[in-house]
Amino acid sequence: MRKTVSYVLVTAGALVMLVPFVAALSNSLKSFAQYIQVPPTWIPDPIQWDNYVEVWRRTPFGLYLVNSLVIAILAVIGNVLTSAMVGHALARMRLPGRQALLTMALGTMMLPTVITIVPNFLLFRSLGWLDTLLPLIAPYWLATPIGIFLMRQTFLGIPKDFEEAAGLDGANPWQVFWRIHLPLAKPALATLAVFTFTTSWKAVLEPTIYLTSPENYTLPVGVLSLKGQFVGNDQLVTAAAMMSLLPMLVVFILAQRYFVRGTMSAGIKG
Amino acid sequence: MRVRMLAAAAVAVLTMAGTAACGGSADDSGAVTLKLGFYAAAGDPADTTMRELVKEFTAANPTIKVELDVAPYVKFFERLRTQIAGGQAPQVWLSDGVLVQEFAARGALADLTDRVKTVNADDYSGIELNRDAKGRIYGFPQGAQTPVLFYNKKLFADAKVAEPTADWTYDDLAAAAKKLTKDTNGDGKPDTYGFRTYSPGFTESWWPIIKAYGGDIVTDDNRKVVVDSPQSKAALDWMLGTMGKDGFAPDFATTEGLGKGVVHTLFATGRVAMSYGIYARTLPATSAGVDFGVAPLPKGPSGRGNVAIVNSWVVNKKASAAQADAAWKWITFFSGEGPQRKWAELGEAIPINKKVASTALPADRHAFLESLDAATDLGANAVWSEYTEALAKRVNEALSGATPVDTALTSGQKEAQEVIDRFYAGQTQ
């Protein structure tokens, strides 16, 4: 009985969560006149599939998709690798001032992005990276504070017996990291991968600032590029947003098991 | 060895990047590259037309190569501010009229005063609206916006109410609006309102109404806020009445909740019969299939309170002499009859070329031209965004009924003045 109630409540909650998605799907299939109609209708009449075609006609949507994928995949690889390395060093190695280093790294999370945008812009300009994908990838290869924190907590939770046993077998610190600890941290790595992918995928401010050529746009910038000043083109923007959701949905479904496990165990220190 | 090779590669990359970042002067052949920025949605008619015009321009000026920097309005200015800080802004860009002085005061714009003297100012609208306190001009008009009274012809006919005329006063507007307000489903709440009074975009709301009632917002070269006056109070009281006791306008919460970009759908969907709107509002109304007309703003105790925003081309102060010349060439090209006529076809802005404006606009849209001729500027100064935000916050509190009107005007004036004083304190410009 209690289980049934739980299922009913969870299903009701899920349905409520679905409402904005369904509304967006409906809006993406409306004409402008239907889009602004009051009261709004749930089922468009006629269904305007053309909105999706129009998005492809107006923008190189496929190119945006490729750019976003390239950035997100390289960001995931870079962040997972470097954050794991830094997190491992902070958790398992005797470094002088490691607590201070961690505090400093986490402290950078307190800085709003807008504060660092101009210094970063100047840095990337001097590197000749403006209007390339590099400013959106390279920072992820220097480890991120959230990644460092997540991986440090994970490595702290792994019993010391494993590395002691590996040490007796002659493993060096790199081998302990690569062969013993990293495989045990798979759920956290998957979580970090999903976090990084979604953060990179939906970023708007940085791509808007750094990318000026349409052929370099990412999906969110491409979606927003459809937004008109006087006639909103909101139905087109919504159609483009629906299409841009799909890859993220696929990533989440593939890594859902790890994602849930990883977020649940991130705060546990063994 | 490997480290040395990496260092050498890094130096080479940085040198190449540095070299690429410089340049801009004309080369030996006289060719010059011009980065041109403008705001438009991807694939929109404005985007397409601007690109076509750039093609025409470069075909006529083969020594000028134009690189485009385009983004939708909000994103364009977000990026531009960073580009200016980083010394990477386009050499010529389209600026919202109210932002020209902001960029100029921060040293980003070239003074165009002498160049403007080379054209016949009588041929163009809006040049004077761009002149700053010291008589300098930093932007050349590209297109103009000014609010007029939009009305829904079908709703007027259905209610058997005579359409607005140039002689209308605020009393006439109120009388008609009351007749046009209808509760068709009998739920005690109007389904159609006579007039949309409040808008989060004050150009089409309290700014012209305050001026029509004899109040003003800023004076003394737009550096002194004077909104706290009995006339302003009378204007805001009238507005409150329309949304309250008279009940012929949607209330503050409804209109504020829609947001700046969506509030105009009230007119486009026939939920209000009349609304103040700039020229660009013809686009959503036309897209939604509304049969509408436009009339001059009604007369208040002190006139109509016409205001205008003149979106303008500006030239980067850091542009080389050759680029600045090329930029001016582009500006004069765009202001010419052919390009202006092409731009007018979009229906997005009033052409600034007077000859084109008088012929390209249909006769029943000439209220825009009369309004533009009579318009004052929208209080532009170096901190326009900030001081109008401070003021609008207090005015909105009054219009929502949260604060008494006189209290809101007093605090709004004080806070807006503080913003202006903070910027200009110690400024010699």
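In the predicted model, the axes of helix H4 (residues 61-92) and helix H8 (residues 145-156) of chain A come within 7 Å and cross at roughly 50 degrees. Helices here are DSSP runs (H or I, at least four residues; strands, E, at least two), numbered from the N terminus, and axes are lines fitted to C-alpha atoms, for helices over the stretch in contact, with angles running from 0 to 180 degrees between N-to-C directions. H4(A) and H8(A) are therefore oblique to each other (angles under 35 degrees count as roughly parallel, over 145 as roughly antiparallel, 65 to 115 as roughly perpendicular and the rest as oblique). From H4(A), the residues in contact are A:Asn79, A:Ser83, A:Ala84, A:Val86, A:Gly87, A:His88, A:Leu90, A:Ala91 and A:Arg92, and from H8(A) they are A:Gly147, A:Ile148, A:Met151, A:Arg152, A:Phe155 and A:Leu156; two residues are in contact if their C-beta atoms, placed from the backbone, lie within 7 Å. By class, eight of these residues are nonpolar, five polar and two charged (Ala, Val, Leu, Ile, Met, Phe, Trp, Tyr, Cys and Pro count as nonpolar, Asp, Glu, Lys and Arg as charged, and the others, Gly among them, as polar).

Residues are numbered from 1 along each chain as its sequence is written, while chains are lettered from A and ligands numbered from 1 in the order in which they are written. Because the model is predicted, local features need pLDDT of at least 70 and side-chain atom pairs count only at pLDDT 80 or more, whereas totals for chains, interfaces and linings use all residues.

The unreviewed UniProt entry annotates residues 61-81, 101-121, 133-151 and 236-255 of chain A as "transmembrane region"; positions follow the numbering used here, feature names are shortened, and annotations may be inferred rather than shown by experiment. Residues 236-255 of chain A are 100% helix and 0% strand, with end C-alpha atoms 30 Å apart. Residues 133-151 of chain A are 58% helix and 0% strand, and their end C-alpha atoms are 27 Å apart.

Chain A is assigned domain 1 (1-48) and domain 2 (57-265), with bounds from an automatic or database domain assignment. Their C-alpha centres lie 31 Å apart. Eight residues of domain 1 and six residues of domain 2 form the contact. On the domain 1 side, helix H1 (2-27) and helix H2 (32-35) of chain A each give two or more residues, and H1(A) provides the largest share, three residues.

Between the chains, the contact takes 28 residues from chain A and 34 residues from chain B. The chain B side comprises 18 nonpolar, nine polar and seven charged residues.
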